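This report goes through one protein chain, from its overall form to a few of its local details. Please keep the sequence and the structure at hand while reading.

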Amino acid sequence: MIQQQIFFEGSQGQLSGLLEQPEKGNQTMVVFAHCFTCGKDFIAASHISKALVKQGFAVFRFDFTGLGNSDGDFANTNFSSNVEDLIAAANYLEQHFTAPSILIGHSLGGAAVLKAAAKIPCARAVVTIAAPFDAAHIKQLFACELPTIDQHGEAEVNLAGRPFKIKKQFIDDLDSQEIDHISNLKKALLVMHSPIDTTVSIDEAEKIYSAAKHPKSFVSLDDANHLLTNKKDASYAANVIATWAEKFIDTPSESLPEKVSVPAGHVRVSEIDKVFQCDVQTDSHQWLADEPVKVGGRNTGPDPYQHLLAGLGACTVMTLRMYAKLKKMPMTHVTVTLSHSREHGPDCLACDEQNPKIDVIDRQIEFSGELSEEQINKLLVIADKCPVHRTLHNKIDIRTVTQAAQKS
């Protein structure tokens, strides 16, 4: 699993997020909204996210304004600002990574994703876990302090053993929230709730399910508590989500775009996902180029330097085989392994003051067959004479021109 710390602008300043991705393969992007006053690193958020990554999903979770490592004062936030933070997270992912296809919210985070979904058009499905039907339901956590908040404009309340300042604007914002967005969701919905949840009654799940239109599903999280502190419960929830989502989510495809006509001797490279993935075509072949997941790609094809190394490696193997056949050498097999690096300053014996660093390609050649030492030495000389090797050692002039895009 690859983890990447991310900071982006939210409703009231910079927010702290964590993107977790599997090492390989295409990934459906998920945004996870944590429960009230918790944070992205809370046990349920962490367990469910990691379980989804094991299923091949990329999961982005972040601290809402005023919580965890995010900027802002919690006392000045409200349910509406949480919704704005969610929309900002989705927009950031779409611009810098992959647009989210699934929104998952736990407890009040579930109410928030239901509300934000309409303004995140790229999302195809929504999942709520132990969520209230109405955001105002959260007031029961500090019902005793409501008169004080109403009279003095604020009060300090104790939530999960920690003090938080709740202002009247927070209460007013909760009371102003409408609930018709659930019936107008227009996205696939999965409602997950435990029948023994003592914080948010399963009756809230029934209300959400009844208000929503199809496609919708309900799954009971039997024996789970509200915070899903048991890792098995979190893993079960993730497995169900992964299976359920297959019906509604188009997994990023590794299939190739339509083949076009490319003149012989030319290579045509065109972007696909507006990130790193490219369609590479010649007159008779087609494949994908991409970057690794750790730098924001989807690892659906070799990266540019791997293409360069492959060109040299393939040319080396072909040239050696042609020479071995011509000279009737008993070479039964040949393998070339290459790597690229850059050497700097004192480490570089071949560079000068005008070129303080050079690109270095290390090439290892493995021969099979009853070859004499003299034959192997001759083959090594021939390897340096392969056309691509000679091209890389020549002075290369790359001439670039622009061409008007064809109108579709």
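## Elements and overall form

Helices, of at least four residues, and strands, of at least two, are DSSP runs numbered from the N terminus. The model described here is a predicted one.

Taken along the principal axes, the box filled by the C-alpha atoms is roughly 95 × 50 × 50 Å. Of the 408 residues, 45% count as buried, and the chain exposes about 21,900 Å², of which carbon and sulfur atoms supply 50%. Among the contacts with a separation of 6 or more, 62% are accounted for by residues 24 or more positions apart.

## Backbone exceptions

Most residues other than glycine have a negative phi, and most peptide bonds are trans. Against that background, the peptide bond from His 214 to Pro 215 is cis, with omega near 5°. Pro 215 is found in the loop that runs between helix 6 (202-211) and strand 10 (216-220).

Ala 130 has a positive phi of about 55° although it is not a glycine, and Leu 228 likewise has a positive phi, of about 50°, without being a glycine. Are these residues buried or exposed? Ala 130 counts as buried because its relative accessibility is 3%, a value under the 20% limit for that class. Leu 228, in the loop between strand 10 and helix 7 (231-245), has a relative accessibility of 1% and therefore also counts as buried.

## Charges and salt bridges

The chain carries 39 positive and 50 negative side chains, and the centres of these two sets lie 8 Å apart. The count of salt bridges comes to 14.

One of them joins Lys 207 to Glu 204, with the closest N and O atoms 3.2 Å apart. Both residues belong to helix 6 and, because they are three residues apart, they are separated by about one helical turn. Lys 207 counts as partly exposed at 40% relative accessibility, while Glu 204, at 7%, counts as buried. In the salt bridge between Asp 41 and Lys 40, the closest N and O atoms are 3.7 Å apart; Asp 41 is exposed, with a relative accessible area of 52%, whereas Lys 40 is buried, with a relative accessible area of 2%.

Lys 274 forms a salt bridge with Glu 271, and here the closest N and O atoms are 3.5 Å apart. Lys 274 is exposed, with a relative accessible area of 62%, and Glu 271 is partly exposed, with a relative accessible area of 47%. Elsewhere, salt bridges that share partners join Glu 20, Lys 40, Asp 41, Lys 50, Arg 61 and Asp 63 into one network.

Phe 276 itself lies in the loop between strand 11 (268-271) and strand 12 (278-281), and, at 35% relative accessibility, it counts as partly exposed. Although Phe 276 and Asp 290 are 14 residues apart in sequence, their C-alpha atoms are 5.3 Å apart in space.

Pro 292 lies in the loop between strand 13 (286-289) and helix 8 (304-326). At 23% relative accessibility, Pro 292 counts as partly exposed. The C-alpha atoms of Pro 292 and Arg 268, 24 residues apart along the chain, are separated by 21 Å.

How values were computed
Residues numbered from 1 in each chain as written. Predicted model: local features only at pLDDT ≥ 70, side-chain atom pairs only at ≥ 80, totals over all residues. Heavy atoms only, no water. Buried < 20%, exposed > 50% of the residue type's maximum accessible area, 1.4 Å probe, protein only. Contact = heavy atoms within 4.5 Å. Areas by Shrake-Rupley, 256 points an atom, 1.4 Å probe, with all protein chains shown as cover. Lys, Arg positive; Asp, Glu negative; His and termini not counted. Charge placed at Lys NZ, Arg CZ, Asp CG, Glu CD. Salt bridge = Lys/Arg side-chain N within 4 Å of Asp/Glu carboxyl O.
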